[in-house]
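Keep the sequence and the model side by side.

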Amino acid sequence: MTFKIVPSAPKFTNSRNLLTGRIGSYYKQRLYAVKGNKPYEWSIEEDYELPPGLELDSETGIISGIPTEVGTYTF
């Protein structure tokens, strides 16, 4: 089973969708910013969350982990 992770604010990230993950398989995807001042600090907005099993590294913008639930997630 697969799920999608779709960025809700493409003006801050590249315009392509994130890779689709698979339950039980390691996932890793880097986010990219197009404007602003470096260094960036990445975070998930309040009332949003990543799929269960994934986490965001606030310094690198890398989402990684092993997904545990099917669904489409917006953050």
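Helices (H or I, at least four residues) and strands (E, at least two) are DSSP runs, numbered from the N terminus. By that rule, the protein has 0 helices and 6 strands. Along the sequence the pattern reads β-β-β-β-β-β.

A word on the basis. This is a predicted model, where local features need pLDDT of at least 70 and side-chain atom pairs count only at pLDDT 80 or more, while totals for chains, interfaces and linings use all residues. Residues are numbered from 1 along each chain as its sequence is written, and side-chain values use heavy atoms, with hydrogens and water left out.

Now the sheet. Strands of a sheet pair through backbone hydrogen bonds, either parallel or antiparallel. Two strands count as paired if DSSP finds at least two bridges between them. Here, 3 strands make an open sheet, ordered β3-β5-β4, with antiparallel pairing. β3 (27-30) and β4 (54-56) are the edges; each has a single partner strand, so one side of each lacks a neighbour in the sheet. On average, neighbouring strands of this sheet are turned by 15° against each other, direction ignored. Axes for such angles are lines fitted to C-alpha atoms.

Finally, the whole chain. Of its 75 residues, 31% are buried, meaning under 20% relative accessible area with a 1.4 Å probe, protein chains only. The protein exposes about 5400 Å², an area from the Shrake-Rupley method with a 1.4 Å probe.

Notes: Axes are lines fitted to C-alpha atoms, for helices over the stretch in contact, and angles run from 0 to 180 degrees between N-to-C directions. Buried means under 20% relative accessible area, exposed over 50%, partly exposed in between (1.4 Å probe, protein chains only).
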